[in-house]
Amino acid sequence: MSQRYDYTLAEADRIGAAIGAALLPGDVVLLSGDLGAGKTTLARAMLKARGLAGEAPSPTFAIVQPYAPPEVDLPIAHVDLYRIEDEGELVELGLDDYLYDGALLIEWPERLGAQGWPGTLSITISGSGDARVLTADVPTSWGSRWPLR
């Protein structure tokens, strides 16, 4: 099911928090969009909804920024694949390991290549200035817990 939401930058925290509150262990959220679209803003709001105090750093250089209790109430890895040039590099990241008891938030998922997971929530952000459009491909595994209706 594909859904579209128009929003402003001022509403980004509320939208990210709603999605973050609905996360369950095993969830993968793919965040696509151009540079500056607001992927990291949504990911930060999701982490804040799970209890993270302060602002999460962008994982652009670390590639994977893990968060675990008591810092958050659900283990979450915030992943930025922008610097990944070859699919083979992904094996070293061990992303599957995070899904046993936690969730993945992945920016620049286009770099995953053929690798993927079933039941992935795919979010694309577009727009410019203060106006943004969120297009979500909501899998059936999210069902009634999808917060944006």
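## The sheet

In what order do the seven strands of the open sheet lie? The order is β1-β7-β6-β2-β5-β4-β3, and the pairing is mixed. β1 (2–8) and β3 (64–67) stand at the edges with a single partner strand each, so one side of each has no neighbour in the sheet. From one strand to the next, the twist averages 15°.

Strands (E, at least two residues) and helices (H or I, at least four) are DSSP runs, numbered from the N terminus. Two strands pair if DSSP finds at least two bridges between them.

## About the model

This is a predicted model, where local features need pLDDT of at least 70, side-chain atom pairs count only at pLDDT 80 or more, and totals for chains, interfaces and linings use all residues. Residues are numbered from 1 along each chain as its sequence is written, and side-chain values use heavy atoms, leaving out hydrogens and water.

β1 pairs with β7 (residues 131–137) in the antiparallel sense, over seven bridges.

## Strand β5

β5 (residues 103–107) is mostly covered, with five of its five residues buried (under 20% relative accessible area; exposed is over 50%, partly exposed in between, with a 1.4 Å probe and protein chains only). A103, L105 and E107 point one way, while L104 and I106 point the other.

β5 runs parallel to β4 (residues 76–80), joined by five bridges, and A77 has L104 as its bridge partner. β2 (residues 28–32) also pairs with β5 in the parallel sense, over four bridges, and L30 stands opposite I106.

Technical notes:
Axes fitted to C-alpha atoms, helices over the stretch in contact; angles between N-to-C directions.
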